[in-house]
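This report considers how charged side chains pair within and between the chains of a protein model. Please examine the sequence and the structure before reading on.

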Amino acid sequence: MQQTINGLASGSIYALLGLGVTLIWGVLHVLTFTHAQVLTWGAFGSLIAINRGYPVPVAILVGMAVAAGLSVLIDSTVLEMLRRRGASEYAFVVATIGLAFMLESILRNRTRARVEPYSRDGFPRGPIELLGQNVPKLQLAVLATSLIAMAGLAIWLNHTRAGRGMKAVAYSPETATLLGINPRFIYAVAYTVSGMLAALAGVFVAVSTASVSYSSGDRLLLTAFAVIILGGMGSVPGAVVGGLILGVIEVYATVHVSSKFSEVVAYLVILVVLLVRPSGLFGAKEATRV
Amino acid sequence: MFEWIPAYQRFLLDVTLIDIILVISLLILFQCGLFSMATAGFAAIGGYTSALLVTDADWPVPLGILAAVFVGATLAVSFGLPVLRLRGIYLALGSLALAQVIVIGIANVGFTNGVFGISGIPTEVTTGWLVAIVAVILLVMELIHRSHFGRAMKAIRLDEHTAAGLGINVFAYRMATFGIGGAMAAMAGALEAHRTAVISPDQYDFGLLVVLLTYMFVGGVEHWLGPVLATIGFRILNENLEFAGTDWENFYYGSILVVVMLLAPDGLTSRRFTQRLARIFRRRPDLAT
Amino acid sequence: MTGSQGNAVLEVSDLTVRYGAAVALRGIDLVIGEQEAVAVLGPNGAGKTTLLRTISGLLKPAAGQIELDSHSMVGRPAYRIARAGFVHAPEGRSMIAPLTVTENLQLGAGRRARSDVAAGIDEMIELFPSLRARMGTKAGLLSGGEQQMVAIARALMAQPKVLAIDEPSMGLAPVVVDAVLEALRKVIDSGTSLLLAEQNARLALAVADRAYVLVHGEVVKSGNSDEFGDELIESYLT
């Protein structure tokens, strides 16, 4: 039971990651290899705010602002130029890989490759008793936040004008344009939301490990991809369910096999899903080609 | 045969030749429209297969290398069968996952000596071997380029639906190229193992892929000569600029990739880019044509 | 070429559009007045779709002027032109397939206030009663004729000055085409100007006040609908 809760807690961080990536994939059909860096920069943003004495909620907002700003900047410059030229899918992948390397390099040099401590003050501490188990309050907070984020995103996408606009642009940017929707604005909104989710995930990771470094995001990038492949690329509920499942599988793998094995779980999930059911749990059946 | 070259230069030559094999293994996939990120994984499989067979089972080195090629091809075909039917992005992610599984697997399994790697591998691979192998590979690449096989690959890369409509068996070409690519990468890995005597899992990391992508895109996807020249050029540049190993090396490669994607997604020697350059130059009245 | 009474809502002057080296439209002059229905006729490939796509901003002209209510539209991004009142319902209906009919209509309304939107949707149901039963259906599942109705209704939700429709009769059975005709007549009656690009000349002339004939990117004839006798139609359009 304890393990399941652990799994759900880390899984809800994965869900936040997955939501961010699936949103961008759904609306822009781009797989952002820069997401891990956006996450890390967001975490550092919050760290700087905390170290300057700002209260935790403000620090988190600062982190979100940094991450959102970075995401929107990357898209409105490099990716917009690629879009104008009608670049193919791989060009976006390669460009975002290059950008990720650049961002990581900058971060590494600025922090001199040090691992910075991340203070847990101001975050929920200690356990709370639930169903006869001692559950860390922090984990519950993470889980609750992810679920709220998912619900918020679902409501927004399905019941608001902006959400409808986003779905329209995702389906056909040209038709949306003819209906008076500004696609570039929609892209900026998508990246802002995605960045905020990434920063949130980054902060939670930093608090869990009580540290943050330039490489905090590395492994999480492929975890995010595993989440959306498992859940179905472009699906919001898929990202949440996929994330939670992946988290639980990893915890069980650590306990029953080894912690080393749990490192590969995300990659194995990708391979297995591709072999068995490429469109994932909730994805549209558009995975196969010709 | 190449002993007259000073030792350090010979070392550079060897490394560059192996890099060329790796780049070509990536290039041939690209020329068929396949974006795979598994190169490092296949190199690892190749290196370890040969190293283990030669050090633990006393196989002769040439046989070890052949075994590596065989394992690489087999793995590529097994992986390709389910994945090559899917959209490109799934190949990209799946191949990345495959490479990670392979490398992490190697790092954690007992008989590979885990993270410590294998040492004391017989280093029978000489510059002569490498030159010969690369020459053969490039010859084959040129033959492919001029043949129906090559034209079919190009058709698939440019417009797979039309290619299929023309009667080209897209899936078969993809499987064939993927198998060849995997075999070549595995061979490069095996050759490297027998060049340096030591291999360990951490040399097959994502950074290797980024470097290869850079060489390939800077050189251009349309003809093998571009990436080969780019590989040589970068090696010379790296030696003279002392970038390698510094903190900014990743930044340098990353920014080159971004710039190349923005200017010329098919590479700097691609027709689209050279035509664009020509048009820019033709507009300047002071340059007589 | 005879204009109509009142001010021109849409005025296109000397419009030239290129596709690379090829000229798709050459020196097009076109005027639409208030509450006027104008048809653009011509064979396949004549440039009708190019004309609509250029006015709506999806394509940039090489030369010429486009004025909506005397405001220049050239160089504006397409979404701004749509918001300014020129709403283009493209070829092939362009439904946002995963969204329902209601949601598609809501999208068309753009920035109108919520209560307005609800009232607008009610109006559309009045105009197109056959849609009443399909409001909750995903747009991708509708028949061709139903999609065409939704496309027109969706465009009208924006309360446009000019509604431009590209090939509304394409792929539809004659019975359905009649229903679409009926819908278009209601649009004109409600006061919106109409720009209709159609290969089916007879259909278009039944609805429009005036027509332009486009062949190989140039206007070869224009005039009131009653000037287009049968032989005229035959010679240009078959």
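With which residue does Arg174(B) form a salt bridge? In this predicted model, the partner of Arg174(B) is Glu160(B), and their closest N and O atoms are 3.2 Å apart. Arg174(B) and Glu160(B) are both buried. As a general principle, side chains of opposite charge can pair when their charged atoms come close.

Helix α8 of chain B also holds both members of another pair, Glu192(B) and Arg195(B), which are three residues apart, about one turn of the helix. Their side chains meet in a salt bridge with an N to O distance of 3.2 Å, and both residues are buried.

Glu89(A) lies in helix α4 (residues 89-110) of chain A, while Arg87(B) is in the loop between α3 and α4 of chain B. Glu89(A) is partly exposed, with a relative accessible area of 31%; Arg87(B) is also partly exposed, at 22%.

| Salt bridge | N to O distance |
|---|---|
| Arg174(B) and Glu160(B) | 3.2 Å |
| Glu192(B) and Arg195(B) | 3.2 Å |

Over all chains, the whole structure contains 19 salt bridges. In chain A, Asp75(A), Glu80(A), Arg83(A), Arg84(A) and Arg184(A) are linked in a network of such bridges.

Two pairs of chains touch, and the most contacts are between chains A and B. Chain B and chain C do not touch, their nearest C-alpha atoms being 14 Å apart. At the interface, 43 residues of chain B are in contact with 41 residues of chain A. The buried area is about 4,200 Å², and carbon and sulfur atoms give 73% of this area. Arg87(B), Tyr90(B) and Leu262(B) supply 17% of the area that chain B buries against chain A, more than any other three residues.

Between chain B and chain A there is one salt bridge, along with four residue pairs in polar contact. Helix α4(B) gives the most to the side of chain B that touches chain A, with 12 residues. That side of chain B has 26 nonpolar, nine polar and eight charged residues.

How values were computed
Residues numbered from 1 in each chain as written. Chains lettered and ligands numbered in written order. Predicted model: local features only at pLDDT ≥ 70, side-chain atom pairs only at ≥ 80, totals over all residues. Heavy atoms only, no water. Contact = heavy atoms within 4.5 Å. Buried area = accessible area lost by both parts, 1.4 Å probe. Salt bridge = Lys/Arg side-chain N within 4 Å of Asp/Glu carboxyl O. Polar contact = N/O pair within 3.5 Å; in protein donor to acceptor, adjacent residues only side chain to side chain. Helix = DSSP H or I, 4+ residues; strand = E, 2+ residues; numbered from the N terminus. Nonpolar A, V, L, I, M, F, W, Y, C, P; charged D, E, K, R; others polar. Buried < 20%, exposed > 50% of the residue type's maximum accessible area, 1.4 Å probe, protein only.
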